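Me: I have a protein open and would like to go through it step by step. Can we start once it is on screen?

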Amino acid sequence: MRRFDNDPVFYRAQRSGPNDAPNTNPVPVDIALFEKALAKYVNELNAKKGSRAEGILPGACRNDAFARRLEGRTARPVMPLQSRSVRMKWHRKTVRQDGRIWFDGGLFGDASTQKAMLQYAGKKVLVGIDPNDYRAPAIVRHWGDEAKRGRLLLAHLPPYEATRHGDEAGRRRAVAEDRRVKKLAKKHRIADVDQKVAALREAVMAADAPETHPMKPAVVALDTRIPFSDKPLNGSKDLHPLQARLRANLERNLAAGKAAG
């Protein structure tokens with residue numbers, strides 16, 4: 001089917017190949033036309049006789065080979081989960097403590113899946129992400145236990161927080177941001193780190209250190225004086241009013257006693 005796109009219905013829609021005439025402005029065709037043309041091409045290919053493909057008898061076509069191979073077998077149609085699993089891109093991820101999966105700047109898992117996922121908090125699981133749509137629910141399979149490895153754990157792990165590449169606009173923003181960060185990193189990259197560090201150390205050693213004056217410790221003395229003490233706690237500071245009154249009474253009594261002989 002490698003020449004399918006050479007069908008005349010795709011005239012001017014093909015991009016130029018290495019051996020094709022230049023077509024700088026290809027005109028896209030409608031997806032419905034592409035699907036119809038593809039189905040027609042497949043049907044004609046399967047009905048064509050004289051093919052030397054493996055498994056096809058002389059004079060038979062692919063349809064005959066399909067019927068012969070399926071004779072006596074139980075029909076097993078592809079189930080939706082199997083179809084989804086084939087499309088997924090699988091990653092080994094560690095379940096967070098809240099039962100969610102962190103992927104590409106986003107979170108997968110909500111309240112409906114938390115109970116099941118909390119059993120695997122801190123453990124690795126196999127997570128399938130649709131590479132064409134990061135907003136689609138993921139698939140979770142066992143990984144840590146070799147006896148259960150690959151078994152289905154959750155068929156639908158819904159996205160909770162959008163990933164960086166959840167849509168085309170987000171993908172473009174992420175690419176632009178990565179380019180901006182790389183440009184800044186290249187601009188501020190130090191050519192010789194050792195030389196830069198040595199220069200900084202020399203500058204520190206050559207600088208005059210400012211004089212420091214350590215603060216005197218402030219000690220708070222415990223007041224253990226009796227009310228009749230004749231010496232203040234801190235030099236010439238005033239006495240407590242009660243102490244002053246008691247001392248005045250003491251001096252008056254002493255003077256009266258001395259005068260009385």
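Reply: What follows is a short walk through this predicted model.

Me: How many helices and strands are there in the protein?

Reply: The protein has 7 helices and 7 strands.

Me: What pattern do they follow along the sequence?

Reply: Read along the sequence, the pattern is α-α-α-β-β-β-α-β-β-β-β-α-α-α.

Me: Which strands form the open sheet, and in what order?

Reply: The open sheet has 4 strands, in the order β1-β4-β5-β6, and their pairing is antiparallel.

Me: Which strands stand at the edges, then?

Reply: Those are β1 (89-94) and β6 (152-157). Each has a single partner strand, so one side of each is left without a neighbour in the sheet.

Me: And how much are neighbouring strands turned against each other?

Reply: On average by 25°, with direction ignored.

Me: Back to β1. How many bridges join it to β4?

Reply: There are 6 bridges between β1 and β4, which covers residues 124-129, and the two strands run antiparallel.

Me: Which strands does helix α3 touch?

Reply: Helix α3, residues 80-87, packs on the sheet and touches β1, β5 (138-141) and β6. The direction of α3 makes about 95° with that of β5.

Me: What about helix α4, where does it lie?

Reply: Helix α4 is made of residues 111-118 and lies across β5 and β6. Against β6, α4 runs at about 160°.

Me: New topic. How do the axes of α1 and α2 cross?

Reply: The axes of helix α1 (residues 31-47) and helix α2 (residues 62-70) cross at roughly 75° and come within 5 Å. An angle from 65 to 115 degrees counts as roughly perpendicular, and α1 and α2 are therefore roughly perpendicular to each other.

Me: Which residues make the contact?

Reply: From α1, Leu45, Asn46 and Ala47 take part; from α2, Arg62, Asn63 and Phe66 do. By class, the contact of α1 with α2 has 3 nonpolar, 2 polar and 1 charged residues.

Me: Now the whole protein. What share of the residues is buried?

Reply: Buried residues make up 18% of the 261 residues.

Me: And what is the accessible surface?

Reply: The accessible surface comes to about 21300 Å², and 55% of that belongs to carbon and sulfur atoms.

Me: Last one: what share of the contacts join residues at least 24 apart?

Reply: That share is 46%, counted among contacts between residues at least 6 apart in sequence.

Technical notes:
Residues numbered from 1 in each chain as written. Predicted model: local features only at pLDDT ≥ 70, side-chain atom pairs only at ≥ 80, totals over all residues. Heavy atoms only, no water. Pairing = 2+ DSSP bridges. Axes fitted to C-alpha atoms, helices over the stretch in contact; angles between N-to-C directions. Contact = heavy atoms within 4.5 Å. Buried < 20%, exposed > 50% of the residue type's maximum accessible area, 1.4 Å probe, protein only. Areas by Shrake-Rupley, 256 points an atom, 1.4 Å probe, with all protein chains shown as cover. Parallel < 35°, antiparallel > 145°, perpendicular 65-115°, else oblique. Nonpolar A, V, L, I, M, F, W, Y, C, P; charged D, E, K, R; others polar.
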